[in-house]
Amino acid sequence: MDNTIETTALKIAHFDFTSKKDGKTIKTSKLLVSLGDFGIYECCTPLANNLKIFEKCKVVVGVDDYNKLVVKELK
């Protein structure tokens, strides 16, 4: 069984922060992902860094090894 769905998302924020552990700069974006009748899900992914804030996009959402929803692909 394929544990992915294709849906829409809205970029609501962009973050650039420095890791305290190793000093590396991390760039990521926060998305509101539509789950239809089940509401929305907020998640962060670097895949949306090139999008503008409040830009809609198509995403493929799946489940990672820790049973957490993650964005697998932007379309």
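Colleague: What percentage of the 75 residues count as buried?
Modeller: In this protein, 25% do, buried being under 20% relative accessible area with a 1.4 Å probe, protein chains only. This is a predicted model, where local features need pLDDT of at least 70, side-chain atom pairs count only at pLDDT 80 or more, and totals for chains, interfaces and linings use all residues. Residues are numbered from 1 along each chain as its sequence is written, and side-chain values use heavy atoms, with hydrogens and water left out.

Colleague: How many helices and strands?
Modeller: Zero helices and five strands, in the order β-β-β-β-β. Helices (H or I, at least four residues) and strands (E, at least two) are DSSP runs, numbered from the N terminus.

Colleague: Which residues make up the largest nonpolar core?
Modeller: That core has 10 residues: Ala9, Leu31, Val33, Cys43, Ala48, Leu51, Cys57, Val59, Val61 and Val71. A nonpolar core is a set of buried Ala, Val, Leu, Ile, Met, Phe, Trp, Tyr and Cys residues joined through side-chain atoms within 4.5 Å.

Colleague: Which elements give two or more residues to it?
Modeller: Strand E2 (25-34) and strand E4 (56-63). The largest share, three residues, is from E4.

Colleague: And Val61, what does Val61 touch?
Modeller: Leaving out residues up to four places away in sequence, Val61 touches Asn3, Thr4, Ile5, Thr7, Val33, Leu69 and Val70. Contact means heavy atoms within 4.5 Å.

Colleague: Changing topic, what box do the C-alpha atoms fill?
Modeller: Roughly 40 × 30 × 20 Å, along the principal axes.

Key: Buried < 20%, exposed > 50% of the residue type's maximum accessible area, 1.4 Å probe, protein only.
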